[in-house]
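Here is a friendly walk through one structure, from strand pairing to charged side chains and annotated sites. Have your viewer open as you read.

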Amino acid sequence: MNRDLTSYRKSYDKKALEEKELPVSPFFLFSNWFKEVEEAGGVEEANAMTLTTSGLDGFPKARIVLLKHFDENGFVFYTNYESEKGKAMEVNSKICLSFFWPNLERQVIIKGEVKKISKKKSDDYFNSRPRGSQLGAWASEQSNIVDSRAVLEDKLVSLTEKYEGKEIPRPHFWGGYSVEPKEFEFWQGRPNRLHDRIRYVKQDENNWLTNRLSP
Ligand SMILES: Cc1cc2nc3c(=O)[nH]c(=O)nc-3n(C[C@H](O)[C@H](O)[C@H](O)COP(=O)(O)O)c2cc1C
């Protein structure tokens, strides 16, 4: 295997991020950017984000999860509490979220602290999911070794029978997390590699320090 990828070369020239247009709140900027990315089209899941945790084995690990809600209290996603990431966040609640939106040549990186959302909120979201996804959450011991795909499919069949005509409760091991941001970095691609990078660092409630970072 030997691939030379040096000819991949792209100039970024779609947008800019200047100090004069910075809102006081990074949540406001995030929300604007998100809306613009959706409106520009070409990104099927603008809410897909990379969640990086510090693993119990000492290695950081990054994987995609879907952002399901955001407001000034936090960024919410759902997963299995007993998965590799769930166990990692139990020990170290400091995590990183990042978004790459190629349609507008943007990246957002958020550092924050994660905590579980209330059981009620997790129940409400779980109840809104299609039955197949609800059963899938029960069927999967996420991140554990499984002997074969057939084991999973058999489990789904027996769960489908078990809950036939019944409401499916949320598994105790599955629910939401909310990330409270401490720092946002907004990255906007610009020509000649002179990209815009603006960092917001939380000082106290509703007070953020902004700086431009060198690209
Ligand atoms: C587009 C996409 C969306 C995903 N969304 C989620 C999600 O919302 N929650 C989740 O637990 N896993 C999601 N996954 C799977 C995770 O990336 C990961 O494989 C899984 O959570 C197990 O991670 P862990 O073993 O590090 O805990 C998604 C994967 C992709 C590619």
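Which residue is the bridge partner of Ile198 in S9? The partner is Arg212. Before going further, a word on the ground rules: this is a predicted model, in which local features need pLDDT of at least 70, side-chain atom pairs count only at pLDDT 80 or more, and totals for chains, interfaces and linings use all residues. Residues are numbered from 1 along each chain as its sequence is written, and side-chain values use heavy atoms, with hydrogens and water left out.

Helices (H or I, at least four residues) and strands (E, at least two) are DSSP runs, numbered from the N terminus. Two strands count as paired if DSSP finds at least two bridges between them. Strand S8, residues 196-204, pairs with strand S9, residues 207-212, in the antiparallel sense, and six bridges join them. The two strands form a hairpin with two residues between them, and in that turn Asn206 has a positive phi of about 65°.

Strand S1 (residues 48-54) and strand S2 (residues 60-66) are also antiparallel, with seven bridges. One of the pairs to look for is Thr50 with its bridge partner Ile64 in S2. This hairpin has five residues between the strands, and Gly58 takes a positive phi near 90° there.

**A helix with a buried side**

Next comes helix H2, residues 84-91, whose buried residues are Lys85, Gly86, Ala88 and Met89. These four sit on the same side of H2 because they cover an arc of only 165° around the axis, the arc being that of the directions from the helix axis to the C-beta atoms. Here buried means under 20% relative accessible area, exposed means over 50%, and partly exposed is in between (1.4 Å probe, protein chains only). On the face turned away from the buried side, H2 carries the exposed residues Glu90 and Val91.

What do the buried residues of H2 pack against? They pack against S1, S2, strand S4 (74-80), strand S5 (94-101), strand S6 (106-116) and strand S7 (174-188).

**Charged pairs**

Side chains of opposite charge can pair when their charged atoms come close. A salt bridge here is a side-chain nitrogen of Lys or Arg within 4 Å of a carboxyl oxygen of Asp or Glu. Searching the whole structure gives 19 salt bridges, and the table shows some of them.

| Pair | N to O distance |
|---|---|
| Lys120 and Asp124 | 2.7 Å |
| Lys155 and Glu141 | 3.5 Å |
| Lys202 and Glu205 | 3.4 Å |

Lys120 and Asp124 both belong to helix H3 (residues 119-128), where they are four residues apart, about one turn of the helix. An α-helix has 3.6 residues a turn, so residues three or four places apart point the same way. Lys120 is exposed, at 54% relative accessible area, while Asp124 is partly exposed, at 40%.

The salt bridge of Lys155 with Glu141 has its closest N and O atoms 3.5 Å apart. Lys155 lies in helix H5 (residues 149-162) and Glu141 in the loop between helix H4 (131-139) and H5, so this pair ties together parts that are 14 residues apart in sequence. Lys155 is partly exposed at 28%, and Glu141 is exposed at 52%.

Elsewhere, a network of salt bridges links Glu18, Glu19, Arg190, Asp196 and Arg212. Arg212 is also the bridge partner of Ile198.

UniProt annotations may be inferred rather than shown by experiment; the positions follow the numbering used here, and feature names are shortened. An unreviewed UniProt entry lists residues 174-215 as "domain: Pyridoxine 5'-phosphate oxidase dimerisation C-terminal". In the model, this span is 0% helix and 71% strand, and its end C-alpha atoms lie 39 Å apart.

The UniProt annotation "binding site", also from an unreviewed entry, covers several residues, including Ser11, Lys68 and Tyr125. The annotated residues span 187 residues in sequence, and the farthest two C-alpha atoms are 43.8 Å apart, so they do not all gather at one spot.

Ser11 lies in the segment before helix H1 (26-40) and is partly exposed at 43%. Contact means heavy atoms within 4.5 Å; leaving aside neighbours within four places in sequence, Ser11 is in contact with Glu105 and Pro191. Lys68 is found in the loop between S2 and strand S3 (69-71), partly exposed at 40%. With neighbours within four places in sequence again left aside, Lys68 is in contact with Val76, Tyr78 and Tyr125.
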